[in-house]
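Please open the structure in a viewer and keep the selection panel at hand.

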Amino acid sequence: MRLVFAGTPEVAVPALDALLASDRHEVVAVVTRPDAPAGRGRRLVASPVAERAEEAGIEVLKPARPRDEDFLARLREIAPDCCPVVAYGALLPKAALDIPAHGWVNLHFSLLPAWRGAAPVQHSILAGDEVTGASTFLIEEGLDSGPVYGVVTEEVRPTDTSGDLLTRLAFAGSGLLAATMDGIEDGSLKAVPQPADGVSLAPKISVEDARIDWSAPALRVDRVVRGCAPAPGAWTLFRGERLKVMSAPPAPDRAGLAPGEIAAAKNSVHVGTGSHAVELQWVQPQGKKPMKAADWARGVRIATGERLGEV
């Protein structure tokens with residue numbers, strides 16, 4: 001099939017690579033988000049998908065909006081058979097959905113109908129899922145509601161951050177997306193409607209969602225820290241300033257601390273929660289680089305009874 005691949009961030013690149021490597025399909029163009037400012041100089045930078053496509057010598061389309069008529073006209077000229085999608089980042093209008101004969105097929109990082117939305121991996125960790133995965137489905141106008149072609153499953157490890165899990169899913173899902181294209185092309189694969197039961201939503205995680213509630217149980221604190229890593233990053237307040245918390249696993253043997261209360265020893269830092277403590281391992285003070293929590297605690301000289309989370 002003639003394919004036009006749509007995607008933007010680094011996590012979409014493995015799927016693009018898998019399709020470029022296929023001897024059954026031809027990726028004739030890529031659709032990605034416009035160049036965006038990045039870094040301290042706020043220079044305009046092309047997306048990772050755009051960079052990979054340019055390396056491969058493929059046409060790159062960067063519409064400000066997918067409904068723009070010049071973009072739709074070019075897509076009609078290219079006449080793709082199918083448009084595989086991974087984390088493109090913009091809503092596709094019906095006018096675009098109708099162009100390829102086999103539609104737009106999305107690789108979504110959950111086992112649909114669970115975790116429909118922008119942040120499925122983060123919500124899977126926040127919810128304490130033991131198993132998640134990736135699904136390929138035919139895009140409709142609803143939110144991740146189209147019929148499913150195939151799935152792969154992936155175990156959620158106890159120490160996984162969203163970044164860890166998303167990286168594994170990106171590679172597992174790339175094979176699934178390539179196999180889905182094969183199945184559509186030879187007619188062996190039919191999309192199956194999603195069940196009405198088991199639907200859950202995964203909206204984007206806000207900075208406020210990433211604020212740690214120290215009155216919650218240690219397990220919940222750990223999930224918030226892992227689920228919000230690397231972005232937007234779990235955080236709390238210390239002496240009125242934000243402190244990013246990058247690693248805080250449960251420490252069930254350490255009890256007797258009030259929620260948010262800090263106990264700093266020479267080589268360890270523990271913080272009380274609504275159950276037992278967590279061990280603060282890595283933090284990032286405002287305006288500084290990440291550091292070991294024990295080094296941070298020595299530098300700020302924690303007072304007895306001092307707490308995180310207080311203004």
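Select Phe238 together with Glu241 in β11, which stands opposite Phe238. The model on display is a predicted one.

**Second stop: the antiparallel sheet**

Widen the view to the open sheet of 4 strands, whose order is β10-β11-β16-β17 and whose pairing is antiparallel. Because β10 and β17 (291–292) each have a single partner strand, they stand at the edges, and one side of each is left without a neighbour in the sheet. Select strand β16 (residues 282–285), which runs antiparallel to β17 and is joined to β17 by 2 bridges. Trp282 has Lys292 in β17 as its bridge partner.

Select residues 218–227, which make up helix α7. How many residues of this helix are buried? The number is 7 of its 10 residues, and the helix is mostly covered. The buried residues are Ala218, Val221, Asp222, Val224, Val225, Arg226 and Gly227. They pack against α5 (120–126), α6, β11, β12 (250–251) and β15 (277–279).

Turn now to the open sheet of 7 strands, in which the order is β5-β2-β1-β6-β7-β8-β9 and the pairing is mixed. Its edge strands are β5 (59–61) and β9 (148–155), each of which pairs on one side only. Direction ignored, neighbouring strands of this sheet are turned by 20 degrees against each other on average.

Val30 stands opposite Val60 in β5. Helix α2 (residues 48–55) lies across β1 (2–7), β2 and β5, and runs at about 160 degrees to β5. Helix α6 (residues 162–186) also packs on the sheet, where it touches β1, β6 (83–86), β7 (104–108), β8 (131–138) and β9. The direction of α6 makes about 155 degrees with that of β9.

Within β7, select Asn106. Is this residue buried or exposed? Asn106 counts as buried because its relative accessibility is 10%. Leaving aside neighbours within four places in sequence, the residues in contact with Asn106 are Val85, Val86, Ser135, Thr136, Phe137, Ile139 and Asp144.

**Last stop: two helices in contact**

Finally, select helix α1 (residues 13–20) and α6, whose axes come within 8 Å and cross at roughly 40 degrees. This angle makes α1 oblique to α6. The crossing of α1 past α6 is right-handed. From α1, Pro14, Ala15, Ala18 and Leu19 meet Ala170, Phe171, Ser174, Leu177, Ala178 and Met181 in α6. By class, this contact has 9 nonpolar residues, 1 polar residue and no charged residues.

Technical notes
Residues are numbered from 1 along each chain as its sequence is written. This is a predicted model: local features need pLDDT of at least 70, side-chain atom pairs count only at pLDDT 80 or more; totals for chains, interfaces and linings use all residues. Side-chain values use heavy atoms; hydrogens and water are left out. Two strands pair if DSSP finds at least two bridges between them. Axes are lines fitted to C-alpha atoms, for helices over the stretch in contact, and angles run from 0 to 180 degrees between N-to-C directions. Contact means heavy atoms within 4.5 Å. Angles under 35 degrees count as roughly parallel, over 145 as roughly antiparallel, 65 to 115 as roughly perpendicular and the rest as oblique. A crossing is left-handed if the near helix is turned anticlockwise from the far one by less than a right angle, and right-handed if clockwise. Ala, Val, Leu, Ile, Met, Phe, Trp, Tyr, Cys and Pro count as nonpolar, Asp, Glu, Lys and Arg as charged, and the others, Gly among them, as polar. Buried means under 20% relative accessible area, exposed over 50%, partly exposed in between (1.4 Å probe, protein chains only).
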